[in-house]
Amino acid sequence: QAKLAGKNRFHLFDASQNQQEIDRHKQVNDIKTAFHGQQFCLYYQPKVNLKSGQVVGVEALIHWVHPERGLISPLLFMPIITASHLEIEVGNWVIKQAWQQLGAWHNQGLSLEVSINISGYHLLSPGFIEHLDATLATQPQLASQFFQLEILESTALDELSAVNKVIKACRDQLGVKVALDDFGTGYSSLTHLRHLPVDCVKIDQSFVRDMLGNPDDFAIVESVISLSDAFHREVVAEGVENHNQVNVLLLMGCELAQGFVIAKPMPADDIAGWTQGYQPHSSWSLLVEQNIS
Ligand code: C2E
Ligand code: MG
Ligand code: MG
Ligand code: MG
């Protein structure tokens, strides 16, 4: 805006721009009120091993339970929280909430991993490691390797060396795991894989969705799987919606997956029951058996 003002001062008094700012301010305020009024909750989406049938873990996804509008997806409100003064407060709440839930599951004998999504700004904010460390210390008996941070690949773009340092600290000092989320959407994915010491790579759902109809996407999925293998990273396919995709992923050597064909995100209280009742689809095991013999 300072630049604009130099070129054309009338921009400062642009009425529509002003209205946008007022709208945005109101949106942030509504979200702030909702957050402090406990209208936010975490849903959890299972991550399974397609080959062994094991439920490996769950991913925490923030939801807004709106009194009139019902359940609101994070896609609609996270972009407003991100780039507002609420970003770190909400992010820390997610960490605390998910860490407590992990403890509750482990106390029930449910040995899951829990992953959370962390914004780039929060990750690189001063005191992030110290704050995470303090949260982990609230349950000293709980092993931090069951806790995983998902960082959007796009986050890493500008600040590769800063992100690298935080990832190292998370893993080496705190013992938490780190995943690169939405992998393949950045413009230098190979550089990221090469320079970021992450435990896991999550193939972006856009590639998985179209891989059976689009040879380019098929090739990308295949390459990410073999690259991850070569770099000794875990690889997870996101957004798996049908049995054909599962079967092709298994043939490609991808064992870990999330998606609606397995389960949609659900409230924390439903996870134990779902896990106990989970059985891989019969056509998957058939294919694995054929594959082995
Ligand atoms: P993500 O981390 O890549 O999460 C996966 C998204 O894909 C989730 O959407 C999930 O519900 C959806 N999904 C899972 N399986 C399928 C499938 O088979 N088909 C389709 N079409 N979609 C599937 P959701 O819950 O709307 O979250 C969207 C994004 O919002 C997340 O993408 C993540 O980047 C962000 N987000 C969610 N929770 C948080 C949070 O607590 N903090 C931050 N910073 N970001 C969050
Ligand atoms: Mg994620
Ligand atoms: Mg993702
Ligand atoms: Mg995503």
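This is a predicted model: local features need pLDDT of at least 70, side-chain atom pairs count only at pLDDT 80 or more; totals for chains, interfaces and linings use all residues.
Q: Let's start with helix H3. Which of its residues are buried?
A: H3 covers residues 74–81. Its buried residues are Pro74, Phe77, Ile80 and Ile81.

Q: What covers the buried residues of H3?
A: The cover includes two helices, H2 (15–36) and H4 (87–107). It also includes strands E1 (40–49), E2 (55–66) and E3 (70–72).

Q: What caps the N-terminal end of H3?
A: Ser73 does. One of its side-chain oxygens lies 3.0 Å from the backbone nitrogen of Leu75.

Q: And just after H3, which residue takes a positive phi?
A: Ala83. Its phi is about 80°.

Q: Which residues are closest to its centre?
A: Glu59, Leu61, Pro74, Leu75 and Asn117. The whole lining has 40 residues. Pro74 is also one of the buried residues of H3.

Q: Which element gives the largest share?
A: E2, with five residues.

Q: How does the lining divide into nonpolar, polar and charged?
A: There are 17 nonpolar residues, 14 polar and nine charged.

Q: OK, the second largest pocket. How much space lies in it?
A: About 200 Å³.

Q: What lines it?
A: The lining has 14 residues. Nearest the centre are Gln27, Asp30, Ile31, Trp64 and Arg69.

Q: Which elements give two or more residues there?
A: H2, E2 and H3. The largest share comes from H2, with five residues.

Q: How do the residues of this lining divide?
A: Eight are nonpolar, four are polar and two are charged.

Q: Now cavities. How many of 30 Å³ or more does the structure hold?
A: One. The space in the largest cavity is about 30 Å³.

Q: Which residues line the largest cavity?
A: Lys47, Gly57, Val58, Glu59, Glu113, Ser115, Glu150, Lys202 and Gln258.

Q: Which elements supply at least two residues of the cavity lining?
A: E2 and E4. The largest share is three residues, from E2.

Q: How many of the lining residues are charged?
A: Five. Three others are polar and one is nonpolar.

Q: Last one: where is Gln101 placed?
A: In helix H4.

Q: Buried or exposed?
A: Gln101 is buried. Its relative accessible area is 18%, and buried means under 20%.

Q: What is Gln101 in contact with, leaving aside neighbours within four places in sequence?
A: Tyr44 and Ala268.

Note on methods
Residues are numbered from 1 along each chain as its sequence is written. Chains are lettered from A and ligands numbered from 1 in the order in which they are written. Side-chain values use heavy atoms; hydrogens and water are left out. Buried means under 20% relative accessible area, exposed over 50%, partly exposed in between (1.4 Å probe, protein chains only). Helices (H or I, at least four residues) and strands (E, at least two) are DSSP runs, numbered from the N terminus. Contact means heavy atoms within 4.5 Å. A polar contact is a pair of N or O atoms within 3.5 Å; within protein, one must be able to donate a hydrogen and the other to accept it, and residues adjacent in sequence count only if both atoms are side-chain atoms. On a 1 Å grid over the protein atoms alone, a cavity is a set of points where a 1.4 Å probe fits but cannot get out, and a pocket is an open set with protein on both sides within 12 Å along at least five of seven lines; lining residues have an atom within 4 Å of a point. Ala, Val, Leu, Ile, Met, Phe, Trp, Tyr, Cys and Pro count as nonpolar, Asp, Glu, Lys and Arg as charged, and the others, Gly among them, as polar. Grid points are joined across faces, edges and corners, and a volume is the space filled by probe spheres set on the points.
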